[in-house]
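I opened this notebook to record what I looked up in one structure.

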Amino acid sequence: MPAARRFAALSTSEPPTGQQVLLRQAVVLGGSVAGLMAARVLSDHAEQVLIVERDDLDLPGDEPRLGVPQGSQVHALLPSGLNQLKRWFPGFYEEALAAGAVNPPPRTNRFYLDGRLRQDPPSESPPAALISSRPFLESLIRQRVRALPNVRFLRARAEGLVFEGDAVAGVRLDGGEEPADFVVDATGRSSRLGDWLEANGFPKPEMKRMGIKLNYATALFRRPANPSVWSCISVANPGPGKVARIGGFTPIEGDRWTMLVSGYAGDRPDRDDLDFRRRCVEDFPPEFGEVATTAEQVGEVITYHQADSRRREFHRLRRFPSRLVAAGDAVASFNPVYGQGMTSAMLHASALSEYLRGDPDLARPARSYFADVKVIVDAAWQVSTMADLALPHVDGPYPRGYKAIQWISGRIFKASMRDQRVNQQLGKVTAMLAHPSALAEPRFLARALAIGARSTA
Ligand SMILES: Cc1cc2nc3c(=O)[nH]c(=O)nc-3n(C[C@H](O)[C@H](O)[C@H](O)COP(=O)(O)OP(=O)(O)OC[C@H]3O[C@@H](n4cnc5c(N)ncnc54)[C@H](O)[C@@H]3O)c2cc1C
């Protein structure tokens, strides 16, 4: 099936149907977004689901936790991810808003491209958004998963897998072993699954990397009840004499704004409040300086460095155990400025559901699952790495036809600033609501190229 159709099937908003119980105990390693979503899916197909998480998840409040160090940074939920949350947890959106997540009033967001403000046509109706801090969103998902009668949590560190022949039969934990007739590795970007496989005579998945050298700094500010600008995003593309920078501020729970300034390579915001303010004033549109110099800062500036985007090529492995899959960042983690990570993890859960609903032969490796995950990873990877390849310090790997694709993408992006139809189609792709091949449809391309050419004239 073409990737675009598969992508459409996986990103469906339709509620799941058919709940055949195939498993006694499914074990999910890692209790963050990917693990929680996988557990929700597995709860339809297993008598018991056990989530193994090394962090203490019973701490009060929704502060960032050690196992998810990126949790203090701005986290945007793409519309496709929101669809999946609504799909798997009916009523989630309303509950999240009631608990404090924010859907800003229409047309109070500002978007700058290369210093120019985009003027949205008045008829445009933006999709509903759900904006919050990352720990807050995760805690809401966790609450819903905790409420499932056949899911339990165990605080432990996963240290390996137990095998019976070529099938996974359990997990090794720091405090002993747990039997499992299906295991999901959702331990994130630093997953050790490859090492565990190798230690048991299986090949390790190849890891593809793109060095991005991304530097983030995030600070929180008090937000008035009705600000004139609720959120603002600024994208400065690289070019002669120009420095690539992305920044943004968005409203979150607790009447706060979370504000990000980022840089690449040697352009490295530090933890100093004055440096943060100076960057807001000098390197970003005036709205940034306005918030950073007039609103009360809450807490410290927190920085984060991500060296690369990476993906593990599970779909290429000729030998792989049965009753085992990986999900979320354990498979692929992207440049976070595109906000794809949590949504990808949610779409992996959708792929898991397709696999388990498809009457799988559990004695064989879950190849159809990994094929579906590849469709999702390819889509996100294409969008994020194509943009990153334009950064002067990024040196590949380049896809075939890179120069032509880059030229076309540039025109589409420019056209999107002037034309609502182009903007909507591009928006669907960046929101992971549509596969990137939607941007290669002949009628769309002709329109975008014509408008893009006029924009550069
Ligand atoms: C700076 C930054 C900003 C980001 N911004 C966005 C954004 O705007 N939007 C977006 O969608 N995504 C964003 N992301 C990506 C997002 O954070 C990840 O894609 C997402 O958290 C992936 O979820 P996960 O469950 O796969 O992994 P993680 O969230 O990393 O969770 C892994 C879990 O596994 C647990 N674990 C690890 N090892 C073990 C073990 N051995 N035993 C038991 N438990 C273990 C950890 O404690 C943790 O709970 C950003 C990432 C970064 C770095």
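My entries follow, by topic.

**Basis.** I worked from a predicted model, in which local features need pLDDT of at least 70, side-chain atom pairs count only at pLDDT 80 or more, and totals for chains, interfaces and linings use all residues. Residues are numbered from 1 along each chain as its sequence is written, and side-chain values use heavy atoms, with hydrogens and water left out.

**Domains.** I looked up the domain assignment, whose bounds come from an automatic or database source. It gives domain 1 as 3-69 + 78-93 + 135-208 + 309-387, domain 2 as 98-132 + 210-308, and domain 3 as 400-456. I noted 25 Å between the C-alpha centres of domain 2 and domain 3.

**Salt bridges.** I searched for a side-chain nitrogen of Lys or Arg within 4 Å of a carboxyl oxygen of Asp or Glu. The structure holds 37 salt bridges. For accessibility I took buried as under 20% relative accessible area, exposed as over 50% and partly exposed as in between, with a 1.4 Å probe and protein chains only.

Arg65 bridges to Glu53, with the closest N and O atoms 3.3 Å apart. This pair links distant parts of the chain, 12 residues apart: Glu53 lies in strand β2, and Arg65 in the loop between β2 (46-53) and α3 (79-88). I took helices (H or I, at least four residues) and strands (E, at least two) as DSSP runs, numbered from the N terminus. Arg65 is buried at 14% relative accessibility, and Glu53 is buried at 7%.

Arg316 pairs with Glu313 at 3.1 Å between the closest N and O atoms. Here Arg316 is exposed at 53%, whereas Glu313 is buried at 2%.

I also recorded a network of salt bridges that links Arg245, Asp267, Asp275, Arg278, Arg279, Glu282 and Asp283.

**Aromatic rings.** I counted rings of Phe, Tyr and Trp (its six-membered ring) as paired if their centres lie within 6.5 Å; planes under 30 degrees apart are stacked, over 60 edge-to-face, and the rest tilted. Phe249 and Trp257 are edge-to-face, because their planes stand at 80 degrees, with ring centres 5.7 Å apart. Both Phe249 and Trp257 are buried. Ring pairs join Phe249, Trp257, Phe284 and Phe288 into a cluster.

**Charge over ring.** I required NZ of Lys or CZ of Arg within 6 Å of the ring centre and within 35 degrees of the ring normal. The charged end of Arg146 sits over the ring of Phe153, 4.7 Å from its centre. Arg311 lies over the face of Trp381, 5.6 Å from the ring centre.
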